[in-house]
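Open the model in your viewer and keep the sequence panel beside it. We will go from the whole chain to one residue.

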Amino acid sequence: MRKLFFLGMLLFCTIITQAQWKLSGKITDQANNETLIGANVLIGQGQGTVTDFNGYFEIKLPNGKYEVTISYVGYR
């Protein structure tokens with residue numbers, strides 16, 4: 001009985017440490033509130049996504065601290 005409990009606790013701890021968070025949002029132009037289709041949302045090196053037709057994006061990330069950079073052609 002003790003082995004089963006330990007295995008269950010080990011599995012539970014593994015699930016907790018593998019937790020992922022979802023970063024999502026909508027990118028719009030500040031001046032006229034139009035959505036920016038295809039804006040790049042970069043999280044660190046090599047991770048990122050682009051906004052869809054409605055300006056929305058979503059990316060799953062493991063626990064941690066991230067610097068988010070958003071870029072779009074023609075914007076500073």
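Predicted model: local features only at pLDDT ≥ 70, side-chain atom pairs only at ≥ 80, totals over all residues.

Start with the surface of the whole chain. Residues are numbered from 1 along each chain as its sequence is written, and side-chain values use heavy atoms, without hydrogens and water.

Switch to cartoon view. Helices (H or I, at least four residues) and strands (E, at least two) are DSSP runs, numbered from the N terminus.

Now select the open sheet. Its three strands are ordered β3-β2-β5, with antiparallel pairing. Pairing takes at least two DSSP bridges between two strands. At the edges lie β3 and β5 (68-71), each pairing on one side only.

Zoom in on β2 (residues 40-43). Three bridges join β2 to β3. Pick Val-41: its bridge partner in β3 is Thr-49.

Finish at Val-50, in strand β3 (residues 48-50). Is Val-50 buried, exposed or partly exposed? Val-50 counts as partly exposed, because its relative accessibility is 45%; buried means under 20%, exposed over 50%, partly exposed in between. Show its contacts (heavy atoms within 4.5 Å). Beyond four places in sequence, Val-50 touches Gly-38, Ala-39, Asn-40, Tyr-56 and Phe-57.

Technical notes: Buried < 20%, exposed > 50% of the residue type's maximum accessible area, 1.4 Å probe, protein only.
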